Amino acid sequence: MAVLLSWLLVAVAAVSGTSIAPRAGSDALASCPGYKASNVKTSDPGLTADLNLAGKACNVYGDDLKNLRLDVTYETGE
């Protein structure tokens, strides 16, 4: 869980204000647009961001949500 959370934090920080690039390959997810992070705010206990679908929904696993709110709380320094 900690590794996943760390990866997610790095990913959100890296794409702040830019779109997440579509996956390479021929799988069903290759054409999915990903999300654009905006309004990213970091603080001592964590970070928050608004995530907006960065293109047309692909609905591979059901209906894609157009807008999400990411709220991360750091529980340890590791």
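Predicted model: local features only at pLDDT ≥ 70, side-chain atom pairs only at ≥ 80, totals over all residues.
Gly 46 faces Thr 73, a residue of β3. Gly 46 also stands opposite Ser 43.

## Overall layout

The protein chain holds 1 helix and 3 strands. Along the sequence they come in the pattern α-β-β-β. The chain has 78 residues, and 22% of them are buried.

The accessible surface of the protein chain is about 5,800 Å². Carbon and sulfur atoms account for 57% of that surface. Take the contacts in the chain with a separation of 6 or more: 34% of them come from residues 24 or more positions apart.

Strands of a sheet pair through backbone hydrogen bonds, either parallel or antiparallel.

β1 and β2 are joined by 7 bridges in the antiparallel sense. These two strands make a hairpin, with 2 residues between them. Within this pairing, Thr 42 has Leu 47 of β2 as its bridge partner, and Ser 43 stands opposite Gly 46 of β2.

Ala 49 stands opposite Leu 70 of β3. Thr 73 of β3 stands opposite Gly 46. How much of β2 is buried? The strand is mostly covered, with 6 of its 8 residues buried.

## The nonpolar core

Which residues make up the largest nonpolar core? There are 8 in all: Tyr 35, Ala 37, Leu 47, Ala 49, Leu 51, Leu 53, Leu 70 and Val 72. Each of β1 (35-43), β2 (46-53) and β3 (67-73) supplies at least two residues of this core. β2 gives the most, with 4 residues. In soluble globular proteins, nonpolar side chains tend to be buried together.

Leu 47 belongs to the core and is the bridge partner of Thr 42. Ala 49 and Leu 70 both belong to the core, and they stand opposite each other.

## Two leucines in contact

What does Leu 51 touch, not counting residues up to four places away in sequence? Its contacts are Tyr 35, Lys 36, Ala 37, Lys 66, Asn 67, Leu 68 and Leu 70. Among these, Tyr 35, Ala 37 and Leu 70 are members of the core, as is Leu 51 itself.

Leu 68 lies in β3. Is Leu 68 buried or partly exposed? Its relative accessibility is 30%, so Leu 68 counts as partly exposed. A residue must be under 20% to count as buried. Setting aside neighbours within four places in sequence, Leu 68 contacts Tyr 35, Ala 49, Asp 50 and Leu 51. Leu 68 and Leu 53 are 15 residues apart along the chain, and their C-alpha atoms are 8.5 Å apart.

## The disulfide

The model has 1 disulfide. The bond joins Cys 32 to Cys 58, with an S to S distance of 1.9 Å. The pair links distant parts of the chain, 26 residues apart. Cys 32 sits in the loop between α1 (2-15) and β1, and Cys 58 in the loop between β2 and β3. A disulfide is a covalent bond between the sulfur atoms of two cysteines.

Why is this disulfide called right-handed? The torsion about the S-S bond of Cys 32 and Cys 58 is about 95°, so the disulfide is right-handed. Cys 32 has 13% relative accessibility and therefore counts as buried. Cys 58, with a relative accessible area of 24%, is partly exposed.

Technical notes. Residues numbered from 1 in each chain as written. Heavy atoms only, no water. Buried < 20%, exposed > 50% of the residue type's maximum accessible area, 1.4 Å probe, protein only. Contact = heavy atoms within 4.5 Å. Areas by Shrake-Rupley, 256 points an atom, 1.4 Å probe, with all protein chains shown as cover. Core = buried A, V, L, I, M, F, W, Y, C linked by side-chain atoms within 4.5 Å. Disulfide = S-S within 2.5 Å. Pairing = 2+ DSSP bridges.
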